[in-house]
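Welcome! Please have a look at the sequence and the model shown here, and keep them beside you while you read.

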Amino acid sequence: MERISYHEIPKGMFEKLMGVEQFINDSPIEMDLLELIRLRVGQINGCAYCVDMHHKVLKHLGESDLRLALLSAWDDSPFFNDREREVLRFTENLTNMGSRPITDEEIDTLLKHFSKSEISYLTLAISQINTWTRLMKTFKLTPGKYVVKENEVEKKAIA
């Protein structure tokens with residue numbers, strides 16, 4: 001049961017957040033990678049709404065069932081490349097950081113695959129999906145109803 005329905009959310013709140021989403025989606029980071037981040041954060045935070053949505057988006061983008069099934073165990077799976085692995089490690093570290101700092105070593109490892117500008121976008125993307133998961137878990141919007149619209153997600157392949 002929803003605690004706060006979509007119609008009870010303050011007008012403009014989701015629209016402002018969607019502006020940030022568009023900024024992230026327009027970044028040089030591939031949509032496939034952004035969606036892996038979003039799904040992984042949804043899994044970590046136990047957000048059924050986000051897991052449903054981002055699983056569907058990744059399927060729409062052509063992601064395999066095998067990789068989707070193994071995302072929660074990516075570090076024990078050979079099906080993710082080094083670039084994806086570093087992003088997923090950073091995603092988990094930033095999502096679960098608590099009072100622990102992000103280390104220079106973590107950033108140095110990311111710099112092997114991403115520019116500083118791209119790391120900035122990745123950090124914002126991870127922070128943004130963490131915001132969404134917290135909102136959805138508070139509001140308890142019902143999962144399972146999300147439908148990917150054909151032109152909603154731009155297909156960009158992982159490099």
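## A helix and its cover

The buried residues of helix α2 are covered by elements that include α1, α3 (48-60), α4 (65-70), α5 (82-95) and α7. This is a predicted model, where local features need pLDDT of at least 70, side-chain atom pairs count only at pLDDT 80 or more, and totals for chains, interfaces and linings use all residues. Residues are numbered from 1 along each chain as its sequence is written, and side-chain values use heavy atoms, with hydrogens and water left out.

Helices (H or I, at least four residues) and strands (E, at least two) are DSSP runs, numbered from the N terminus. Buried means under 20% relative accessible area, exposed means over 50%, and partly exposed lies in between (1.4 Å probe, protein chains only).

How many of the 14 residues of α2 are buried? The count is 12 of the 14, so α2 is largely enclosed by the rest of the structure. The buried residues include M31, D32, L33 and R38. Helix α2 covers residues 31-44 and reaches 20 Å from its first C-alpha to its last, close to the 20 Å expected at 1.5 Å a residue. That expected span is 1.5 Å times one less than the number of residues. After α2 comes G46, whose phi is positive, near 65 degrees.

## Helix α5

Now turn to α5. Of its 14 residues, 11 are buried, so this helix is also largely enclosed by the rest of the structure. Among the buried ones are R83, V87, L88 and F90. They pack against α2, α4, α6 (104-110) and α7, where contact means heavy atoms within 4.5 Å. The end C-alpha atoms of α5 are 20 Å apart, which agrees with the 20 Å that its 14 residues should span at 1.5 Å a residue.

At the start of α5, a side-chain oxygen of N81 comes within 3.1 Å of the backbone nitrogen of R83. D82 lies in α5 and counts as exposed because its relative accessible area is 54%. The C-alpha atoms of D82 and R100 are separated by 24 Å, and the two residues are 18 apart along the chain.

## Aromatic rings and the core

A pair of aromatic rings is described by the distance of the centres and the angle of the planes. Rings of Phe, Tyr and Trp (its six-membered ring) pair if their centres lie within 6.5 Å; planes under 30 degrees apart count as stacked, over 60 as edge-to-face and the rest as tilted.

The whole structure holds 4 aromatic pairs. One of them joins F14 and F139, a tilted pair at 6.4 Å centre to centre with 35 degrees between the planes. This pair links distant parts of the chain, since F14 sits in helix α1 (residues 13-25) and F139 in helix α7 (residues 116-139), 125 residues apart. Together, Y6, F14, W132 and F139 form one aromatic cluster.

A nonpolar core is a set of buried Ala, Val, Leu, Ile, Met, Phe, Trp, Tyr and Cys residues joined through side-chain atoms within 4.5 Å. The largest one has 42 residues, and F14, F114 and M136 touch the most other members. Elements giving two or more residues to this core are α1, α2, α3, α5 and α7, with the largest share, 10 residues, coming from α7.

Leaving out residues up to four places away in sequence, M136 touches F14, C47, Y49, C50 and L141.

| Residue | Relative accessible area |
|---|---|
| F14 | 9% |
| F139 | 7% |
| C47 | 1% |
| C50 | 3% |
| E21 | 10% |
| S27 | 3% |

## Polar contacts

A polar contact is a pair of N or O atoms within 3.5 Å; within protein, one must be able to donate a hydrogen and the other to accept it, and residues adjacent in sequence count only if both atoms are side-chain atoms. E21, found in helix α1, makes such a contact from its side chain to the side chain of R38 (3.0 Å). Not counting residues up to four places away in sequence, E21 touches R38, Q128 and W132.

S27 has its place in the loop between α1 and α2. The side chain of S27 reaches the backbone oxygen of I24 at 2.7 Å.
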